[in-house]
Amino acid sequence: MALSPMMQQYFKIKQQHPDHILFYRLGDFYEMFFEDAKIASKELELTLTGRDCGLEERAPMCGVPYHSCEAYIARLIKKGYKVAICEQLEDPATAKGVVKRDVIRVVTPGTITELGMLQEDSNNYIACIYCHEEGYGVCFADISTGEIHATELREEADLKLRNELGKFVPSEIIFNTGFLSKKEMGSFIAQRIGCLAEVTDDNTYDYAAACSVILKHFQKGGLQDLGLQDKPLVCCALGGLLDYLHQTQLRSLEGLTGLDVYSESEYMNLDIIARRNLEIVETMREKERKGTLLWVLDKTKTAMGKRLLRSYVEKPLINPTVIHKRLNAVEELVDNSIYLQELTECLSGIFDMERLITRIVYSSATPREVKSLQAACERLPALKALTSQGKAVYLREVDRELDELQDIRDLIASSILDEPAANLKEGGVICKGYCQELDELTELVTNTKGYIASIEAQEREKTGIKNLRIGYNRVFGYYLEVTNSFKDLVPDTYIRKQTLTNCERYITQELKELEGKVLSARERAIALESTLYEEIKEKIAAQLARVQSSASAIAKLDVYCSLAQTAVLNNYCRPDVNLSGTIEIQEGRHPVIEAIQMDLPFVSNDTKLNQEDQQIVIITGPNMAGKSTYMRQTALIVMMAQMGSFVPAKYASIGVVDGIYTRVGASDDLTSGQSTFMVEMTEVAHILQSATKRSLLILDEIGRGTSTYDGMSIARAVLEYIANKVGAKTLFATHYHEITDMENDFACVKNYNVAVRRKGRDITFLRRIVPGATDDSYGIYVSKLAGIPDGVIRRAYEILDQLESGTGQVESKSNRRPQDLSGQMMLVQSDDSELARRVKEVDLNTLTPIQAMNLLNELKQLV
Ligand code: ADP
Ligand code: MG
């Protein structure tokens, strides 16, 4: 048996895409065969059928309708597959032999442009890493918006690469073979980023080849025009990336214009742990947006604004001058509430021009999407009238960049119907009056009914057949139908085509001619609409830069408005951002907790950190008192200030920090399979290596995951190291009260505690941070609050008493295995003994050392 010609074609194409699921277009379906079919039927829950292919066994097959393929592709991509889309390149109706087909695009997680498959509020980056002995060249591209961010990482490159990956969170990573030796980076990507990561052809990273690809792509004469002259590693990475994109997209990438060559030192250092701990864009446990800093700040009205705000939150700045410019823009809007409201209203509902123009440039935009661009443009004149009133430097910039795009709006308005057909197969996209030829063809098609009616009348007249009628069927087109009773009146010029029970059907020369004209007019009209539509898209695409500029202006304006809106609503203040090295916050609040706990009043607190007497602040206090909240609040306020936002405080003066490092809470790292303590120590090690004098450290209960003495020793040694060597501003919460005596030995250390009001064994949380150390964790009290049974609580107090009585020993209390208790322990155990009574009476919190000695003496006597 021989393979059918179609299957031969299939195999030829599949051979070039062994690692992709091949969507092979067959009429109105995309079909998958063999292994692809088995995978797809399982992953997409499709029925697996078979198709005769000329082999003995039928080919396993499954398929999806072409018009709903997006959802299926999206699901496969999510599951880590790549999909190659193979189209029919000629009309099956007119094709001779097997219809010509080829792959027009490979869809991968990082190369999606379909709006329905993308998340509107975040970028979708593909990363390319070029690993070299001197460091890394890295770029992150979002094809859907046309932006590329690229940087070179040389010193401490591994560490920095992790931070950059944590910042951009790409959905796909490609790299050269050199990167394969970086085993640790590999597992970091697998565990923390969790995206498709693949090695690609090393030749594409070759410097000379890369440079020429880059210059050709950006149409520049030299690397200096792109700021790449001294960035060879970036060039290699960019070359590898562009090549991969060409190979998968199989189309020009002219939408990819925004090259931003940055240095990671322009931004605050935030590693993936700090991002996670501070819950900047997603919460730690549920991975949700609600409950994050972004959630509090986001009052944006457009998808473009949402994405930009997210990138502001992910990339706080460190240059006070730039930060001030952002703050000035926000402040102008805060101070001018009517203006702010007008702008916000005008921004509401402007479609995602940034991604729409990309779709148009790649010629994949549907007529409805093009129409959405027009709708967006309709809003621009009103917006421009408003932006022209802005005064702050960055508002002026928005006004300069905002183009009203009247030509584009007019073009679309005059060429595309208000409610165009979903696709061009049936026509119905182009407006009347846009093209004379099309109008004529349409006229012919729509007038057919009239022609037919007149021919019908004319033939009835001529022949005298009263009930002659003209019908249409697909087999032989238009026909004249004559019932049997009038058969005799049929003239010779009629050609009989079909005989039915009570009538006969004929055709005539005239009818045939009309039919030819009408049918071809219809086809020609559809073809012409298609051509016109392509031309319209090209005309719009030629204005790419102007549309992108407007989109970027809208995004920025939306972000400033959002920040202003939040500042007004939540009663934030403008921070003073400077290079002083001091952080001073008066009446600061936690932006997220105050927003979530709307019903409870949030107690504000001051923060003061400097490089002299308050470099390290040790915070003690019971569990649940508010230590962690206070420390995070400080970190978040600093972050907000450095991204150019107002902050939840009465007053804030923020000496910019170069990075925020955190070790917060007992975040069990279940996924990585490491023990909590190991994770904790790895994180602490990383902090001690990376932090500088200008950093802010948030250390929350270090040393918890091991025995008390171990833990306390480590905690103290870490603090001493920070005091002596690192010099970073540090907030340090601990339950090891013993550490608070460091205040006596180190001028830079200050003790604070979270105040509680105590009454016997009950306490009330006051949530106030006050100077001085505390001496009790109230752990058992907090356990009681948490609902631990009374019996357990009573017993815990007993044990605590025993421990605090100074022997450091505890007797077990078991009713199953009585132990041989002897000597002193017996005495202590019996509840009514004199010894036990004395010990219980002691209030350790008020006991002075002398009293303790006396007590010990007394107890010894008793024994
Ligand atoms: P700790 O770290 O001391 O154990 P947390 O910082 O986790 O305590 O705070 C426990 C809870 O107390 C928080 O979830 C919050 O609901 C509440 N809380 C903390 N600080 C404040 C505050 N300043 N005002 C109001 N409620 C607070
Ligand atoms: Mg805590």
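How many nonpolar, polar and charged residues does the shell around ligand 1 have? It has six nonpolar, five polar and two charged residues. Keep in mind that this is a predicted model.

**The ligand shell**

In total, 13 residues surround ligand 1. The closest are Gln597, Met624, Lys627, Ser628 and Thr629. Helix H22, which spans residues 627-643, supplies the largest share of the shell. Its share is three residues.

| Backbone atom of | Atom of ligand 1 | Distance |
|---|---|---|
| valine 603 | nitrogen | 2.8 Å |
| glycine 626 | oxygen | 3.0 Å |
| lysine 627 | oxygen | 2.8 Å |

How much of ligand 1 does the protein cover? On its own, ligand 1 has 560 Å² of accessible area. The protein covers 82% of that area.

**A pair of helices**

Now turn to helices H23 and H24. H23 covers residues 676-690, and H24 covers residues 708-726. They pack at an angle of about 10°. Their axes are 11 Å apart. Angles under 35 degrees count as roughly parallel, so H23 is roughly parallel to H24.

Which residues make the contact? H23 brings Phe677, Met681, Val684 and Leu688. H24 brings Ile714, Val718, Tyr721, Ile722 and Val726. By class, the contact has nine nonpolar residues, no polar ones and no charged ones.

Key
Residues numbered from 1 in each chain as written. Chains lettered and ligands numbered in written order. Predicted model: local features only at pLDDT ≥ 70, side-chain atom pairs only at ≥ 80, totals over all residues. Heavy atoms only, no water. Near = heavy atom within 4 Å. Polar contact = N/O pair within 3.5 Å; in protein donor to acceptor, adjacent residues only side chain to side chain. Areas by Shrake-Rupley, 256 points an atom, 1.4 Å probe, with all protein chains shown as cover. Helix = DSSP H or I, 4+ residues; strand = E, 2+ residues; numbered from the N terminus. Nonpolar A, V, L, I, M, F, W, Y, C, P; charged D, E, K, R; others polar. Axes fitted to C-alpha atoms, helices over the stretch in contact; angles between N-to-C directions. Parallel < 35°, antiparallel > 145°, perpendicular 65-115°, else oblique. Contact = heavy atoms within 4.5 Å.
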